[in-house]
Amino acid sequence: MLEIKHLVKKYGKFTAVDDLNLSIPESSIFGFVGPNGAGKTTTMKIMSGLLKATSGSVMIDDVDVTKNPKALKERIGYMPDFFGVYDDLKVSEYMDFYAGTYYIPYEQREALIDNLLEIVDLSHKKDSYVDNLSRGMKQRLCLARSLIHDPKVLILDEPASGLDPRARVEMKEVLKQLQTMGKTIMISSHILPELAEMCTEVGIIDKGHIVVQGSVQEIMKQMTKTRRIQIRPLENMDILLKLLEEQPFVENIVENTFDVEFSFQQTDKELASLLKQIVLADIDVLYFREKEGNLEEIFMQVTGGEQK
(Lines give C-alpha, C1' and ligand atoms only; values in the text may rest on other atoms or scores of the structure.)
Protein backbone atom coordinates (compact mmCIF):
# COMPACT_ATOMS: atom_id res chain seq x y z
CA MET A 1 0.00 0.00 0.00
CA LEU A 2 2.75 2.43 1.03
CA GLU A 3 6.21 1.84 -0.41
CA ILE A 4 9.31 3.96 0.13
CA LYS A 5 11.96 3.06 -2.41
CA HIS A 6 15.63 4.12 -2.35
CA LEU A 7 14.84 7.39 -0.57
CA VAL A 8 17.81 9.75 -0.20
CA LYS A 9 18.01 13.21 1.36
CA LYS A 10 21.28 15.12 1.42
CA TYR A 11 22.17 18.45 2.97
CA GLY A 12 25.42 19.32 1.26
CA LYS A 13 27.86 16.56 2.19
CA PHE A 14 25.64 15.26 5.01
CA THR A 15 23.25 12.42 4.17
CA ALA A 16 20.22 12.45 6.48
CA VAL A 17 18.36 9.62 4.73
CA ASP A 18 20.49 7.08 2.91
CA ASP A 19 18.81 4.68 0.44
CA LEU A 20 15.86 4.04 2.75
CA ASN A 21 13.43 1.29 1.74
CA LEU A 22 10.21 0.65 3.64
CA SER A 23 6.95 -1.20 3.04
CA ILE A 24 3.85 -0.51 5.16
CA PRO A 25 0.75 -2.70 4.74
CA GLU A 26 -2.70 -1.19 4.27
CA SER A 27 -4.79 -0.58 7.42
CA SER A 28 -1.81 -1.05 9.71
CA ILE A 29 -0.37 1.06 12.52
CA PHE A 30 3.35 1.36 11.85
CA GLY A 31 5.74 2.59 14.53
CA PHE A 32 8.75 4.55 13.27
CA VAL A 33 11.55 4.48 15.83
CA GLY A 34 15.10 5.77 15.90
CA PRO A 35 17.66 7.87 17.81
CA ASN A 36 17.68 11.64 17.42
CA GLY A 37 19.19 12.50 14.06
CA ALA A 38 18.47 9.06 12.61
CA GLY A 39 16.28 10.46 9.81
CA LYS A 40 12.75 9.92 11.17
CA THR A 41 11.41 13.44 10.89
CA THR A 42 13.21 14.05 7.59
CA THR A 43 11.57 10.96 6.11
CA MET A 44 8.13 11.95 7.41
CA LYS A 45 8.46 15.48 6.08
CA ILE A 46 9.40 14.14 2.64
CA MET A 47 6.37 11.86 2.75
CA SER A 48 4.20 14.84 3.70
CA GLY A 49 5.53 17.10 0.96
CA LEU A 50 7.31 19.49 3.34
CA LEU A 51 10.77 18.50 2.08
CA LYS A 52 11.98 17.52 -1.35
CA ALA A 53 13.89 14.26 -1.59
CA THR A 54 17.30 14.20 -3.25
CA SER A 55 16.22 10.97 -4.93
CA GLY A 56 13.89 8.02 -4.46
CA SER A 57 10.13 7.67 -4.30
CA VAL A 58 7.16 7.40 -1.95
CA MET A 59 4.48 5.22 -3.53
CA ILE A 60 0.84 5.10 -2.39
CA ASP A 61 -1.39 2.85 -4.48
CA ASP A 62 1.39 2.75 -7.10
CA VAL A 63 1.40 6.57 -7.36
CA ASP A 64 4.66 8.40 -6.62
CA VAL A 65 3.35 11.20 -4.40
CA THR A 66 6.76 12.92 -4.25
CA LYS A 67 6.30 13.81 -7.93
CA ASN A 68 2.55 14.39 -7.84
CA PRO A 69 1.54 17.19 -5.42
CA LYS A 70 -2.18 16.70 -6.05
CA ALA A 71 -2.00 12.98 -5.28
CA LEU A 72 0.06 13.76 -2.16
CA LYS A 73 -2.50 16.26 -0.86
CA GLU A 74 -5.37 13.85 -1.49
CA ARG A 75 -3.80 10.74 0.04
CA ILE A 76 -1.80 11.91 3.06
CA GLY A 77 -2.79 13.58 6.32
CA TYR A 78 0.10 14.98 8.38
CA MET A 79 0.13 15.76 12.10
CA PRO A 80 3.31 17.55 13.25
CA ASP A 81 4.73 17.29 16.74
CA PHE A 82 4.05 21.01 17.36
CA PHE A 83 0.45 22.18 17.25
CA GLY A 84 0.97 25.88 16.62
CA VAL A 85 -0.84 28.97 17.96
CA TYR A 86 -4.33 29.97 16.88
CA ASP A 87 -5.50 33.03 18.80
CA ASP A 88 -9.23 33.82 18.86
CA LEU A 89 -10.26 30.79 16.79
CA LYS A 90 -12.99 28.44 17.96
CA VAL A 91 -12.64 24.71 17.34
CA SER A 92 -15.35 24.79 14.66
CA GLU A 93 -13.68 27.79 12.98
CA TYR A 94 -10.31 26.05 13.02
CA MET A 95 -11.78 22.97 11.34
CA ASP A 96 -13.71 25.10 8.83
CA PHE A 97 -10.53 26.93 7.84
CA TYR A 98 -8.76 23.66 6.97
CA ALA A 99 -11.83 22.33 5.20
CA GLY A 100 -11.57 25.39 2.97
CA THR A 101 -7.93 24.70 2.17
CA TYR A 102 -9.03 21.33 0.76
CA TYR A 103 -11.86 22.92 -1.25
CA ILE A 104 -14.53 21.02 0.61
CA PRO A 105 -17.92 22.52 -0.39
CA TYR A 106 -19.28 24.85 2.26
CA GLU A 107 -22.62 23.03 2.52
CA GLN A 108 -20.79 19.77 3.44
CA ARG A 109 -18.51 21.19 6.09
CA GLU A 110 -20.74 21.32 9.16
CA ALA A 111 -21.70 17.62 9.00
CA LEU A 112 -18.09 16.65 8.23
CA ILE A 113 -16.73 18.70 11.12
CA ASP A 114 -19.31 17.28 13.52
CA ASN A 115 -18.39 13.75 12.46
CA LEU A 116 -14.64 14.28 12.88
CA LEU A 117 -15.03 15.95 16.27
CA GLU A 118 -17.13 12.99 17.39
CA ILE A 119 -14.38 10.57 16.30
CA VAL A 120 -11.79 12.38 18.43
CA ASP A 121 -14.27 12.98 21.29
CA LEU A 122 -14.32 16.77 21.01
CA SER A 123 -17.97 17.37 20.09
CA HIS A 124 -18.54 19.10 23.42
CA LYS A 125 -15.71 21.56 22.62
CA LYS A 126 -17.01 22.66 19.21
CA ASP A 127 -17.63 26.25 20.37
CA SER A 128 -14.60 26.50 22.64
CA TYR A 129 -11.53 28.52 21.76
CA VAL A 130 -8.53 26.48 20.65
CA ASP A 131 -6.21 28.29 23.07
CA ASN A 132 -8.35 27.12 26.01
CA LEU A 133 -8.04 23.42 25.19
CA SER A 134 -5.77 21.11 27.14
CA ARG A 135 -2.65 19.72 25.45
CA GLY A 136 -4.37 16.38 24.89
CA MET A 137 -7.43 18.03 23.35
CA LYS A 138 -5.24 20.11 21.06
CA GLN A 139 -3.47 16.97 19.88
CA ARG A 140 -6.81 15.29 19.13
CA LEU A 141 -8.02 18.41 17.32
CA CYS A 142 -4.86 18.40 15.21
CA LEU A 143 -5.59 14.76 14.38
CA ALA A 144 -9.15 15.64 13.38
CA ARG A 145 -7.80 18.38 11.14
CA SER A 146 -5.47 15.92 9.41
CA LEU A 147 -8.55 13.78 8.61
CA ILE A 148 -10.55 16.61 7.04
CA HIS A 149 -9.97 15.38 3.47
CA ASP A 150 -10.35 11.66 4.30
CA PRO A 151 -6.74 10.63 3.48
CA LYS A 152 -5.69 7.00 3.11
CA VAL A 153 -2.45 7.51 5.04
CA LEU A 154 -1.88 9.38 8.31
CA ILE A 155 1.64 10.49 9.24
CA LEU A 156 1.85 11.39 12.92
CA ASP A 157 5.05 12.86 14.34
CA GLU A 158 5.13 12.29 18.11
CA PRO A 159 1.32 12.40 18.59
CA ALA A 160 1.61 11.58 22.31
CA SER A 161 4.42 14.06 23.03
CA GLY A 162 3.82 15.94 26.27
CA LEU A 163 0.56 14.16 27.05
CA ASP A 164 -0.36 12.84 30.48
CA PRO A 165 -1.18 9.11 30.85
CA ARG A 166 -4.94 9.60 30.47
CA ALA A 167 -4.51 11.71 27.32
CA ARG A 168 -2.14 9.08 25.85
CA VAL A 169 -4.75 6.37 26.42
CA GLU A 170 -7.39 8.54 24.73
CA MET A 171 -5.11 9.15 21.74
CA LYS A 172 -4.34 5.43 21.47
CA GLU A 173 -8.05 4.58 21.43
CA VAL A 174 -8.70 7.10 18.65
CA LEU A 175 -5.86 5.68 16.53
CA LYS A 176 -7.13 2.12 16.92
CA GLN A 177 -10.59 3.31 15.85
CA LEU A 178 -9.08 4.95 12.76
CA GLN A 179 -7.28 1.71 11.93
CA THR A 180 -10.59 -0.16 11.95
CA MET A 181 -11.86 2.47 9.50
CA GLY A 182 -9.15 1.41 7.05
CA LYS A 183 -6.57 4.13 7.65
CA THR A 184 -2.88 3.32 7.31
CA ILE A 185 -1.08 5.08 10.16
CA MET A 186 2.62 5.84 10.56
CA ILE A 187 3.67 7.03 14.02
CA SER A 188 6.95 8.42 15.25
CA SER A 189 7.27 8.14 19.02
CA HIS A 190 9.75 7.92 21.88
CA ILE A 191 7.28 6.14 24.19
CA LEU A 192 8.43 2.68 23.16
CA PRO A 193 6.32 0.42 25.45
CA GLU A 194 3.07 2.04 24.27
CA LEU A 195 4.25 1.96 20.68
CA ALA A 196 4.92 -1.78 20.91
CA GLU A 197 1.46 -2.36 22.37
CA MET A 198 -0.37 -0.27 19.76
CA CYS A 199 1.48 -0.96 16.51
CA THR A 200 1.04 -3.92 14.20
CA GLU A 201 4.60 -3.37 12.95
CA VAL A 202 7.62 -1.27 13.86
CA GLY A 203 10.62 -0.11 11.87
CA ILE A 204 13.83 1.05 13.51
CA ILE A 205 15.86 3.61 11.57
CA ASP A 206 19.49 4.38 12.34
CA LYS A 207 21.84 6.64 10.39
CA GLY A 208 19.30 6.99 7.60
CA HIS A 209 18.75 3.24 7.13
CA ILE A 210 15.97 0.90 8.20
CA VAL A 211 17.90 -1.63 10.26
CA VAL A 212 14.98 -3.88 11.19
CA GLN A 213 11.24 -4.07 10.45
CA GLY A 214 8.37 -6.32 11.52
CA SER A 215 6.24 -7.07 14.57
CA VAL A 216 8.07 -6.94 17.89
CA GLN A 217 7.88 -10.73 18.14
CA GLU A 218 9.15 -11.21 14.57
CA ILE A 219 12.07 -8.90 15.23
CA MET A 220 12.92 -10.75 18.43
CA LYS A 221 13.00 -14.02 16.49
CA GLN A 222 15.21 -12.44 13.81
CA MET A 223 17.70 -11.31 16.42
CA THR A 224 17.81 -14.44 18.53
CA LYS A 225 16.67 -18.04 18.31
CA THR A 226 16.12 -18.18 22.06
CA ARG A 227 12.57 -17.93 23.34
CA ARG A 228 11.67 -17.02 26.91
CA ILE A 229 8.85 -19.15 28.30
CA GLN A 230 6.84 -18.45 31.46
CA ILE A 231 4.92 -21.11 33.43
CA ARG A 232 2.79 -20.53 36.50
CA PRO A 233 1.82 -23.72 38.36
CA LEU A 234 -1.09 -23.82 40.78
CA GLU A 235 1.14 -25.81 43.14
CA ASN A 236 4.04 -28.32 43.05
CA MET A 237 6.64 -25.71 42.09
CA ASP A 238 9.44 -28.04 43.25
CA ILE A 239 8.24 -30.84 40.94
CA LEU A 240 8.03 -28.43 38.01
CA LEU A 241 11.56 -27.13 38.61
CA LYS A 242 12.94 -30.68 38.77
CA LEU A 243 11.17 -31.61 35.53
CA LEU A 244 12.51 -28.54 33.75
CA GLU A 245 16.06 -29.17 34.93
CA GLU A 246 15.90 -32.60 33.30
CA GLN A 247 14.99 -31.17 29.87
CA PRO A 248 17.93 -30.95 27.40
CA PHE A 249 16.58 -27.82 25.64
CA VAL A 250 15.67 -25.83 28.75
CA GLU A 251 18.25 -23.29 29.94
CA ASN A 252 18.57 -20.30 32.27
CA ILE A 253 15.75 -21.31 34.61
CA VAL A 254 14.64 -18.47 36.89
CA GLU A 255 12.16 -19.03 39.74
CA ASN A 256 10.07 -15.91 40.37
CA THR A 257 7.55 -15.31 43.12
CA PHE A 258 4.63 -16.88 41.26
CA ASP A 259 6.06 -18.43 38.10
CA VAL A 260 9.09 -19.96 36.40
CA GLU A 261 10.87 -18.46 33.40
CA PHE A 262 13.37 -20.21 31.15
CA SER A 263 15.05 -20.12 27.73
CA PHE A 264 13.92 -22.55 25.05
CA GLN A 265 15.54 -22.91 21.62
CA GLN A 266 13.36 -25.50 19.91
CA THR A 267 10.25 -25.44 17.71
CA ASP A 268 6.58 -25.18 18.68
CA LYS A 269 6.28 -28.96 18.42
CA GLU A 270 8.95 -29.50 21.11
CA LEU A 271 7.36 -26.79 23.23
CA ALA A 272 3.98 -28.54 22.99
CA SER A 273 5.68 -31.78 23.98
CA LEU A 274 7.12 -30.10 27.06
CA LEU A 275 3.69 -28.84 28.08
CA LYS A 276 2.32 -32.38 27.68
CA GLN A 277 5.01 -33.71 30.04
CA ILE A 278 4.09 -31.09 32.62
CA VAL A 279 0.39 -31.99 32.45
CA LEU A 280 1.17 -35.74 32.68
CA ALA A 281 3.21 -35.00 35.81
CA ASP A 282 -0.08 -33.84 37.46
CA ILE A 283 1.04 -30.22 37.63
CA ASP A 284 -1.92 -27.86 37.26
CA VAL A 285 -0.86 -24.92 35.10
CA LEU A 286 -2.45 -21.47 35.36
CA TYR A 287 -0.53 -20.18 32.34
CA PHE A 288 2.08 -21.40 29.90
CA ARG A 289 3.20 -18.65 27.53
CA GLU A 290 6.00 -17.11 25.54
CA LYS A 291 7.26 -13.91 27.07
CA GLU A 292 6.56 -10.87 24.93
CA GLY A 293 9.47 -9.07 23.34
CA ASN A 294 10.64 -5.74 24.68
CA LEU A 295 10.88 -2.93 22.11
CA GLU A 296 13.28 -0.94 24.29
CA GLU A 297 15.71 -3.86 24.43
CA ILE A 298 15.50 -4.28 20.65
CA PHE A 299 16.07 -0.56 20.16
CA MET A 300 19.13 -0.49 22.38
CA GLN A 301 20.59 -3.55 20.69
CA VAL A 302 20.17 -2.49 17.05
CA THR A 303 21.19 1.16 17.58
CA GLY A 304 24.17 0.42 19.77
CA GLY A 305 22.57 1.84 22.90
CA GLU A 306 22.23 5.42 21.62
CA GLN A 307 19.80 7.75 23.31
CA LYS A 308 16.37 8.06 21.76
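Is the crossing of H5 and H6 left-handed or right-handed? The model is a predicted one, in which local features need pLDDT of at least 70 and side-chain atom pairs count only at pLDDT 80 or more, while totals for chains, interfaces and linings use all residues. Residues are numbered from 1 along each chain as its sequence is written, and side-chain values use heavy atoms, with hydrogens and water left out.

The axes of helix H5 (residues 135-146) and helix H6 (residues 165-180) come within 9 Å and cross at roughly 15°; axes are lines fitted to C-alpha atoms over the stretch in contact, with angles from 0 to 180 degrees between N-to-C directions. H5 is therefore roughly parallel to H6 (angles under 35 degrees). The crossing is right-handed, the near helix being turned clockwise from the far one by less than a right angle. Gly136, Gln139, Arg140 and Leu143 of H5 meet Ala167, Glu170, Met171, Val174, Leu175 and Leu178 of H6 in this contact (heavy atoms within 4.5 Å). By class, six nonpolar, two polar and two charged residues take part, Gly being counted as polar.

Glu251 lies in strand E12 (residues 250-255); strands are DSSP runs of at least two residues (E), and helices of at least four (H or I), numbered from the N terminus. Glu251 is partly exposed, at a relative accessible area of 36%, between the limits for buried (under 20%) and exposed (over 50%) with a 1.4 Å probe and protein chains only. Beyond its neighbours within four places in sequence, Glu251 contacts Arg228, Phe262, Ser263 and Gln265. The C-alpha atoms of Glu251 and Phe262 are 5.9 Å apart, at a sequence separation of 11 residues.

Methods:
Angles under 35 degrees count as roughly parallel, over 145 as roughly antiparallel, 65 to 115 as roughly perpendicular and the rest as oblique.
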